[in-house]
Amino acid sequence: MYNDEVMERYQNPRFYGKPGKYNISLEESSTTCGDHIHFYIEIEDGKVKDIGFEGNGCIISMVSSDLFCESARGKTVEEVVGTDPDKYVSEFPVPISPGRLNCALLPLKSFKKVQEKLKK
Amino acid sequence: MYDVRTIREDFPILNREVNGKRIVYLDSTATTQKPRKVIDAIVDYYENYNANVHRSVYKLAAEATDLYENARKNVGDFIGAKQEEIVFTRNTTESLNLLSYTLESSMKKGDRILISEMEHHSNILPWMRLEEKGILLDYAKIDSNGYLDIEDFKKKLKKETRIVSIVHQSNVLGTINPIDELSSLAKENGSIFIVDAAQSVPHMPFRVNENFDYVAFSGHKMLGPLGIGVLYGKRENLENLQPFLRGGEMIKDVDFHKVSFEDSPIKFEAGTPNVEGAVGLSAAIDYLQDLGMDNVRTHEKQLTKYLMLKFADNKNITVYGPNEAEKRGGVVAFNVKNSQLLRKAKNEGIRLDDFIHSHDIASFLDDSNVYVRSGHHCAQPLMRTLKVTGTARASFYVYNDFEDAEILASKLGDIGVQ
Ligand SMILES: Cc1ncc(COP(=O)(O)O)c(C=O)c1O
């Protein structure tokens, strides 16, 4: 339906499921889609040591979550939070139409809450 | 003769090409396209008549006021109502909110409001607001075929039920509710009966009957411009209601601490109204009447029947709502299963939805210029009842033809086999 890379990721996500150890858990729902994503993140020394996700939603949001986990791993929380949404979308393996931006940006939006959680 | 080819010519936007191909517009339930006649009427209004209405004495103002009031009369005639029973609002949503705010003062804790499980958020949230006052909101159930469960409706129509507000045609299931029967039941019970006619007035012959207290609909869903809606209210009802918004236009006399309001319907139209919208809506009504509402209904029924037959051939497609085209409008909500995707996912122990997400369906169809809506269609309680997060939805109007339905069905056929 989209392209092979996207469909392959959708069917074989690399980061689906809980990592062995995690200290932060984040849930995000998209009201317009009924998408629901749950991230599990292990933060150590301000860095994303491990990350995984569960949930269901459209192909774009699922693939985006998987790609997001891949790119976040090993980065500092600041780096990940500072991800430029335009750049993120432009690097997505298929073009994202304006009506689907929310689907693609769901993981970014969700991850922003990590900082709040760390403060607590 | 109803000839879609010539009708299509009347709609400039349908001549637009995207990526060198024509567009297949299947989202008229959300909003309809506009014929040249409506666009021209709006341009003509601004080029020749524009002035504020009901205020000034010069000729232009008188002509603008005439146009505005004639539009009101035309709307009234279209649904069998008197001119003074037509209040112009922005849309169905505003019409229903007007009722929620103005009927509130006559309601008390323990009173009940009866709606159904297939309502649009516009006919839920204005009533849910009153729950804060201790008023109870009841939902009549739907059955497994997408019809309103009349027995459940009767059971929930209680002594305390002050208001019954029901959608005439569902914007998702397409179900056409038996509003004559429901209105009789409501009246026998002494309840106020309100019809959300956003999807019926545009698509079928519609006459108000004496059991309807109020009817709400939107101009933009019936070939008219955005920003103009209608609230019909029986004359004595409107006279007894307090105004909604207050300000210019809607008064007879204002003293420092006292005001007397204009008669209805002007009482409900505070501030400068949307004259352009009323004029455009009136032109849309003329256009629909030239086609004939019986013909519009018949045309949509044929397209719906055809699409549902095509869908029945595709085992991956689940359609929601009644099977009989006779009892449903020209809107078909559906989901698509991709068995290949599912099988693979199962093998690897990963949980995927049974259906391809409706947004993915809509994006896929978008690649071929086939425009359908996806998501919850502003009817989340209904989605919960159907146990889905959303659906795709195709809807027909005067300018759609069998080819549109054919293209949709065949594109969806492609999804299953890739
Ligand atoms: C059945 C129904 N009621 C109410 C509405 C709300 O209409 P509007 O957005 O024009 O106020 C809609 C529009 O989608 C509808 O389909």
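Predicted model: local features only at pLDDT ≥ 70, side-chain atom pairs only at ≥ 80, totals over all residues.
Student: Which residue of chain B stands opposite B:Gly229 where E10(B) meets E4(B)?

Tutor: Strand E10 (residues 229–233) of chain B also pairs with E4(B), again in the antiparallel sense, over four bridges. Opposite B:Gly229 in that pairing stands B:Thr89.

Student: Are the residues of strand E4 of chain B buried or exposed?

Tutor: Strand E4 covers residues 86–89 of chain B. One side carries B:Ile86 and B:Phe88, and the other carries B:Val87 and B:Thr89. Both faces are covered, and these four residues are all buried.

Student: Which strands are at the edges of the seven-strand sheet of chain B?

Tutor: The sheet is open, its pairing is mixed, and its order is E4-E10-E9-E8-E7-E5-E6. An edge strand pairs on one side only, and in chain B these are E4 and E6.

Student: What is the average twist from one strand to the next in that seven-strand sheet?

Tutor: Recall the order, E4-E10-E9-E8-E7-E5-E6 in chain B. Going from one strand to the next, the twist averages 20°.

Student: What angle does the direction of helix H7 of chain B make with that of E8(B)?

Tutor: Helix H7 (residues 179–188) of chain B packs on the sheet. There it touches strand E7 (161–167) and strand E8 (192–196) of chain B. Its direction and that of E8(B) make an angle of about 155°.

Student: How far apart are the end C-alpha atoms of helix H2 of chain B?

Tutor: Helix H2 of chain B has 13 residues, 36–48. At 1.5 Å a residue it should span 18 Å. The model agrees, because the end C-alpha atoms are separated by 18 Å.

Student: What arc do the buried residues of H2(B) cover around the axis?

Tutor: The buried residues of H2(B) are B:Val38, B:Ala41, B:Ile42 and B:Tyr45. They sit on the same side of H2(B), because their arc around the axis is only 95°.

Student: Which helices do the buried residues of H2(B) pack against?

Tutor: The residues in question include B:Val38 and B:Tyr45. Their packing partners are two helices of chain B: H3 (59–79) and H9 (275–291).

Student: Is B:Ser264 buried or exposed?

Tutor: B:Ser264 has its place in the loop between strand E12 (259–261) and H9 of chain B. Leaving out residues up to four places away in sequence, it touches B:Glu84, B:Leu238 and B:Glu239. The cut-off for burial is under 20% relative accessible area. At 13% relative accessibility, B:Ser264 counts as buried.

Student: What is the relative accessible area of B:Asp149?

Tutor: B:Asp149 lies in the loop between strand E6 (136–140) and helix H6 (150–156) of chain B. Beyond four places in sequence, it touches B:Lys141, B:Ile142 and B:Asp143. B:Asp149 is partly exposed, with a relative accessible area of 26%.

Student: What distance separates the C-alpha atoms of B:Asp149 and B:Glu117?

Tutor: Along the chain, B:Asp149 and B:Glu117 are 32 residues apart.

Student: Now chain A. What is the radius of gyration of chain A?

Tutor: Chain A has six helices and three strands. They run α-β-β-β-α-α-α-α-α from the N terminus on. The globule rule gives 14 Å for 120 residues, and chain A is as compact as a globular protein of that length because its radius of gyration is close to this, at 13 Å.

Student: What percentage of the residues of chain A count as buried?

Tutor: The C-alpha atoms of chain A fill a box of roughly 40 × 25 × 25 Å along the principal axes. Of its 120 residues, the buried share is 51%.

Student: Which strands are at the edges of the three-strand sheet of chain A?

Tutor: This open sheet has the order E1-E2-E3, with antiparallel pairing. Pairing on one side only marks the edge strands of chain A, E1 (24–30) and E3 (47–56).

Student: Which residue of E2(A) stands opposite A:Glu28?

Tutor: E1(A) and strand E2 (residues 35–44) of chain A run antiparallel, joined by seven bridges. In E2(A), the residue opposite A:Glu28 is A:Ile37.

Student: At what angle does helix H2 of chain A run to E3(A)?

Tutor: Helix H2 (residues 59–72) of chain A lies across E2 and E3 of chain A. Its angle to E3(A) is about 170°.

Definitions and conventions. Residues numbered from 1 in each chain as written. Chains lettered and ligands numbered in written order. Heavy atoms only, no water. Expected span 1.5 Å × (residues − 1). Buried < 20%, exposed > 50% of the residue type's maximum accessible area, 1.4 Å probe, protein only. Arc of directions from axis to C-beta. Contact = heavy atoms within 4.5 Å. Pairing = 2+ DSSP bridges. Axes fitted to C-alpha atoms, helices over the stretch in contact; angles between N-to-C directions. Rg over C-alpha atoms; globule rule 2.2 N^0.38 Å.
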